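Here is a short briefing on one protein structure. Keep the 3D view open and find each residue as you read.

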Amino acid sequence: MRGAHVLVFVRGAIAAALVSGGLAAQSPVPTYTYDGLLGRLATSDWLWSAATLDERCRQWSSFDPASRRGPGDASAWYANDDRGKHVRVVAGADGPEHVMVDAKGPGCVARIWSANPSGTLHFDVDGARAWSIDFGALCRGEVAGVPAPLAGMRARGGNCALPIPFERSLVVSCTAGDCYYAFDVVQWPAGTNVPSFTPALLAEHGDRLRATAAALAAGPLPVARFADAAPTVAVDVPPATIVRALDVRLRPKPQAAVTATLQPKTVLAPVRAVAPLLRLVVRCGDETTVDVPLPALFAAGPDWTSWEGRHLAVHEDGATLRWPMPMPDGGRIEVVGDAAVLTAVDVWVTALHEPLPPSGSAPLRFRAGYHLAKAVPTRPFSDHLVLDARGAGRFVGCSLLVRNPTRIWWGEGDEKFTVDGESFPSWFGTGTEDYFGYAWCDPTPFAAPFHAQVQCDGPANFGFTVLHRSHQLDSVPFGASCRFDLERWHWVETATIDYETVAYWYGAAGATAGLPSVPAADERLLPRLAGPKVFVAEGALEGEALRVIVCSGGTHEVQDLSFVENTFSRDAQRWWRDGAVGDRLVLAVPVAQAGRHRLTLALTKADDFGAVKVELGGAVVAERFDGYAPRVSTSGPLDLGVFDLPAGDVELVFTLLGRNGKAKPRHMVGVDYVQLERLP
């Protein structure tokens, strides 16, 4: 059978964990050893076993509690004040402790994320304080015994995948009260045996922790390159088989003509041009379990960007998927596309497989569901459906592509998992970038074992962004249904945006994804956007470029204002903040030629900006400018009159007078630009 090969990956302790799924062998009741929990991080065979009754994975996060009013109240459902929200605040020995998690056991913390980890994190396990650790150090990978990549900062987001088990109860609290945070907590049925975490576990299992970290850092397990094999677009997989790795390679044929599906009368472009026209289709028995365009399936993005994670890897000429695919009834794996395209490109499909290990129940089938929503308006807020599964299964990952027509942040939207008919989602997050493990809309690409920002075009968040997240120990089991909604929450109120997602999950025979069918190739193509516009005031002296002569109080700096796109000249201002009444900011305005000049000034307004008197060359040009506005905005060009000015530097003076009664007390001032028009 061409392209079908047998490969055995696992050895030693990891192999034992794989076979048992982290369960101690022959235990009369379920028992999760610490070695077994680490094995669950490094291996994936346990993911295709049906979850035990009452197994759950729940998220505890700092989401805005107003959302509890439900989808019937749209302003609450999409509420965005997600910082510093807690279960409760209690008195601790050294001050207030902000409770983030209050879970009943047996269970295990599977993932920790924070955008601003600070203070001391306390873990009260089974009623006793077991561990107190610096929150930031834990998320940065600086705690002894928690090796990278189990923890680390990625694009300003703190992450930790260290298993922290508990037998009866877990309370996590923090001395800092303003953190953004998310804890993914697995909970097992009563009676499950699990060790209670103490720091001694880290020393006792140090070798295994280091081995697990090394296995994850190594990326996906190697795939053989069968250069001498003949191209094939399909592989038939025999019954009682599990596919360990699926590899797809593409190579344009020399001087092959491109059909009308692409660009007529040209030569076939590289993989990145042809891949969007092809789909990977997997049939498991008589079911189609995967039907996804190639770039979306592998989170390769429009540029077919190379990257490596634990379950997905993309290379210059192809890609690999590493989630195991049980095929008890056999199946077929095929690259599908327009016949003319397939005659212009060589395709190699390789399925590395071996006999299906014995299992006490029917194996779940690997599935991937695709959903593209084009030109969706940013208002009213809405939810993008990632998955609406029916049947038993386990959610194991998501890839997202966004095409954003502005530089301004598109991803305030929270993730929401509703499992088995819950009245309120058991996962309710704090932002799209938070779900994918980074923070502060940081456009920096990164790739880690379980999450990646594969591409972000820029500038800022303009253009294509491609993201991936794998759920490993924090996979989401469900008995009958699982709905995953991702809020579309953009700061620009009048834009349209494109969302493309892939849900990776395991489902029982007959399970359904509840997603629309895959659009035709020409309907799903997303052309690259022209570059963003940048407003430049004609003939302006930019505020950020003016020399500061005096700042008698507070601080000043140049601030990037691209988050309010095309509003401020060259997207920047001179920003003065936290001065007191009576303080002065003095800027040097260069005058090229003495004479009469018309002064135009553009200033910034916001809800924490103060009121100022403005003088130029000793003359008062504005007795009081009130900088208050409900949101960041520009004053627009203010015509402040005509003045006789000498050549050379003239002082432009701002004196703080106070603030509007509606303004927050920070007395900020922003200078966008100055225009001096010399008059005859």
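**A buried histidine to begin**

H353 is buried, because its relative accessible area is 9% and the cut-off for buried is under 20%. This residue sits in strand 22, which covers residues 345-355. M327 is 26 residues away from H353 along the chain, and their C-alpha atoms are separated by 9.9 Å. Keep in mind that this is a predicted model.

**Overall build**

- The protein has 11 helices and 45 strands.
- Its radius of gyration is 29 Å, close to the 26 Å that the globule rule gives for 680 residues, so the protein is as compact as a globular protein of that length.
- Along the principal axes, the C-alpha atoms fill a box of roughly 90 × 75 × 45 Å.
- Take the contacts between residues at least 6 apart in sequence: 79% of them join residues at least 24 apart.

**Surface and charge**

- Of the 680 residues, 57% are buried.
- The accessible surface is about 26100 Å². Carbon and sulfur atoms account for 54% of that surface.
- There are 62 positive and 74 negative side chains. The centres of these two sets lie 2 Å apart.

**Nonpolar cores**

- In soluble globular proteins, nonpolar side chains tend to be buried together.
- How many residues does the largest nonpolar core have? It has 78.
- The residues with the most contacts inside that core are I112, L121, F123, W131, L162, F183 and F395.
- Look at L162 in the 3D view. Leaving out residues up to four places away in sequence, L162 touches Y34, V109, W131, V146, L150, F197, L202 and L209.
- Another core, of 58 residues, lies apart from the largest one. Its members include V235, A275, V345 and A368.

**An enclosed helix**

- Helix 2 spans residues 34-42. In this helix, 8 of the 9 residues are buried, so helix 2 is largely enclosed by the rest of the structure.
- Which residues of helix 2 are buried? They are Y34, G36, L37, L38, G39, R40, L41 and A42.

- Most residues other than glycine have a negative phi, and most peptide bonds are trans.
- G105 and P106 are joined by a cis peptide bond, with omega at about 0 degrees. P106 lies in the loop between strand 4 (95-104) and strand 5 (107-114).
- A cis peptide bond also runs from G458 to P459, and its omega is near 5 degrees. P459 is in the loop between strand 29 and strand 30.
- A299 is not a glycine, yet its phi is positive, at about 50 degrees. A299 is in the loop between helix 8 (294-297) and strand 17 (307-308).
- W440 has a positive phi too, near 60 degrees. W440 is in the loop between helix 10 (432-435) and strand 28 (446-448).
- Is A299 buried or exposed? A299 is buried, because its relative accessible area of 3% falls under the 20% cut-off.

**The loop around D457**

- D457 lies in the loop between strand 29 (451-456) and strand 30 (463-470). P459 is in that loop as well.
- With 30% relative accessibility, D457 counts as partly exposed.
- Which residues is D457 in contact with, leaving aside neighbours within four places in sequence? They are F462, G463, F464 and R528.
- R528 is 71 residues from D457 in sequence. In space, the two are 10.0 Å apart, C-alpha to C-alpha.

- G595 is in strand 39, residues 595-605.
- Residues up to four places away aside, G595 touches F643, D644, L645 and R678.
- G595 and D644 are 49 residues apart in sequence. Their C-alpha atoms are 5.4 Å apart in space.

Terms used: Residues are numbered from 1 along each chain as its sequence is written. This is a predicted model: local features need pLDDT of at least 70, side-chain atom pairs count only at pLDDT 80 or more; totals for chains, interfaces and linings use all residues. Side-chain values use heavy atoms; hydrogens and water are left out. Helices (H or I, at least four residues) and strands (E, at least two) are DSSP runs, numbered from the N terminus. The radius of gyration is taken over C-alpha atoms; the globule rule is 2.2 Å times the number of residues to the power 0.38. Buried means under 20% relative accessible area, exposed over 50%, partly exposed in between (1.4 Å probe, protein chains only). Contact means heavy atoms within 4.5 Å. Accessible areas come from the Shrake-Rupley method with a 1.4 Å probe; for residues, only the protein chains shown count as cover. Lys and Arg count as positive and Asp and Glu as negative; His and the chain ends are not counted. The place of a charge is taken as NZ of Lys, CZ of Arg, CG of Asp or CD of Glu. A nonpolar core is a set of buried Ala, Val, Leu, Ile, Met, Phe, Trp, Tyr and Cys residues joined through side-chain atoms within 4.5 Å.
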